[in-house]
Amino acid sequence: RDERIAGRAFSGAAIELDGQPARSSDLRLGMVAGIQGQRSADPAQGVATRIQAWSIAQGRVTSASASQFSVAGMTLKIDSGTVFDGLPGASGLTAGLTVRAWGIQGSADGTQWVATRVAVVDGATVVSTGIVVASGASPTVNGLQLTGAAANLSDGQLVRVQGTLSATGDRLDVESVALPGAENDLSQQAEAEIEGLVTAVQSPTRFTLGTVDVDAAQATI
């Protein structure tokens, strides 16, 4: 197939899916990816050197409707752009089904997400992405009490935690932690581009994209 994402060639790029080395053939429609590379003279073209795609949620569906579903303490909305793998559509989402989801942040507090791809998977690994609450005895994300590798998390951080859920379903023994977007230090880039949902508007010249504050005072809109 034509190895391009929005006009960016990536046949020679280093590719990672959920932090693991992958091939271009492993990329799928609906995965949300961070791309590093060089733009060509044509602003719609470029060559990618690195592509990273992270799922945001995995686990058993606890509730589902035609417009949204819940998994790993997260609420994920479904729209006309959501891609389903192993399912006929939103109607195939039922409580107890194990799925992996990719998506974009839909609220500044990290409680709402928009699913871009949902796939049926096997395994007991649980993934949850959200804002850390560290005011209690142990940190929590999306209502899940975190143990294990979560000891150094700070209040207010946006994190992706992966681990094993307790039998009671309220505690996650964390095996790995990732900070979404931390691999791309925008301050070190001559040029950078981000895309997502506007989650807050502070003024006519300032807004929030996901959790990123954007000063648009000098922008042409």
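Ser-138 is buried, with a relative accessible area of 19%; buried means under 20% relative accessible area, exposed over 50% and partly exposed in between, with a 1.4 Å probe and protein chains only. The model is predicted, so local features need pLDDT of at least 70 and side-chain atom pairs count only at pLDDT 80 or more, while totals for chains, interfaces and linings use all residues. Residues are numbered from 1 along each chain as its sequence is written, and side-chain values use heavy atoms, without hydrogens and water.

Ser-138 is found in the loop between β13 and β14 (140-141). Strands (E, at least two residues) and helices (H or I, at least four) are DSSP runs numbered from the N terminus. The side chain of Ser-138 is joined to that of Gln-145 by a polar contact of 2.9 Å. Such a contact is a pair of N or O atoms within 3.5 Å; within protein, one must be able to donate a hydrogen and the other to accept it, and residues adjacent in sequence count only if both atoms are side-chain atoms. Leaving aside neighbours within four places in sequence, Ser-138 is in contact (heavy atoms within 4.5 Å) with Val-133, Gln-145 and Leu-146.

Leu-146 leads on to the largest nonpolar core, which has 28 residues; Phe-69, Leu-76, Leu-93, Val-118 and Leu-146 touch the most other members. A nonpolar core is a set of buried Ala, Val, Leu, Ile, Met, Phe, Trp, Tyr and Cys residues joined through side-chain atoms within 4.5 Å. Strands that each supply at least two residues of this core include β8 (68-71), β9 (74-77) and β12 (112-120). Apart from this core lies another, of 10 residues, among them Ile-15, Leu-17, Met-31 and Ile-51.

Ile-15 and Leu-17 make up the covered face of strand β3 (residues 14-17), whereas Ala-14 and Glu-16 make up the uncovered one. In a regular strand the side chains alternate between the two faces of the sheet. Strand β3 runs parallel to β6 (residues 46-53), joined by 4 bridges; two strands pair if DSSP finds at least two bridges between them. In this pairing, Glu-16 stands opposite Gln-52 in β6. Strand β3 also runs antiparallel to β4 (residues 20-22), joined by 3 bridges, and Leu-17 stands opposite Gln-20 in β4. β3 and β4 form a hairpin with 2 residues between them, and Asp-18 in the turn has a positive phi of about 50°.
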